[in-house]
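Could you walk me through this model in the viewer, one selection at a time? I would like to know what to pick next and what sits there.

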Amino acid sequence: VHIHLLGDGCEFVVTDACIPLSRRARITMCSKSAQLIPQEDAERVKDRISMVPPQELARLLKQCDRYVVF
């Protein structure tokens with residue numbers, strides 16, 4: 001499972017579920033969208049969530065058989 005966070009979805013990093021889920025799924029975050037969350041929250045998960053450039057989303061979607069957007 002691959003989870004890509006962007007926009008308001010980046011606020012997921014402040015939830016209690018983020019770290020346990022990052023142990024089971026690959027999580028990436030749009031580096032531009034990451035600017036929307038407090039820097040200390042981004043630092044808290046930097047070892048578990050990879051920052052990727054905005055254009056990476058197209059490549060990620062091509063690699064997936066299915067995806068969910070919410």
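A crossover is called right-handed if, with the strands pointing away from the viewer, the path from the first strand over the helix to the second runs clockwise. Keep that picture in mind as you go, and remember that this is a predicted model.

**Stop 1: the β-α-β unit.** Select residues 26-30, 39-44 and 49-52. You now have strand β2, helix α2 and strand β3, which together form a right-handed β-α-β unit.

**Stop 2: Thr 28.** Stay in β2 and centre on Thr 28, which belongs to this strand. Is Thr 28 buried or exposed? Its relative accessible area is 0%, so Thr 28 counts as buried. Next, show the side chain of His 2: a polar contact of 2.9 Å links it to the side chain of Thr 28. Now widen the selection around Thr 28. Leaving aside neighbours within four places in sequence, its contacts include Ile 3, His 4 and Leu 5, along with Ile 49, Ser 50, Val 52 and Leu 60.

**Stop 3: the nonpolar core.** Which residues make up the largest nonpolar core? Select these 11: Leu 5, Cys 10, Val 13, Cys 18, Ile 27, Met 29, Ala 34, Ile 37, Ala 42, Val 45 and Ile 49. Then zoom in on Val 45. Not counting residues up to four places away in sequence, Val 45 touches Val 13, Cys 18 and Ile 19.

**Stop 4: the salt bridges.** Side chains of opposite charge can pair when their charged atoms come close. How many salt bridges does a search of the whole structure find? There are two.

- Pick Lys 46 and Glu 43, whose side chains form a salt bridge at 3.3 Å, N to O. Colour by accessibility and both come out as partly exposed: Lys 46 has a relative accessibility of 48%, and Glu 43 has a relative accessible area of 40%.
- Move on to Arg 59 and Glu 56, joined by a salt bridge at 2.2 Å, N to O. Both sit in helix α3 (residues 56-63); because they are three residues apart, about one helical turn separates them. Arg 59 is partly exposed at 35% relative accessible area, whereas Glu 56 is buried at 18%. The cut-off for buried is under 20%.

How values were computed
Residues numbered from 1 in each chain as written. Predicted model: local features only at pLDDT ≥ 70, side-chain atom pairs only at ≥ 80, totals over all residues. Heavy atoms only, no water. Salt bridge = Lys/Arg side-chain N within 4 Å of Asp/Glu carboxyl O. Buried < 20%, exposed > 50% of the residue type's maximum accessible area, 1.4 Å probe, protein only. Helix = DSSP H or I, 4+ residues; strand = E, 2+ residues; numbered from the N terminus. Polar contact = N/O pair within 3.5 Å; in protein donor to acceptor, adjacent residues only side chain to side chain. Contact = heavy atoms within 4.5 Å. Core = buried A, V, L, I, M, F, W, Y, C linked by side-chain atoms within 4.5 Å.
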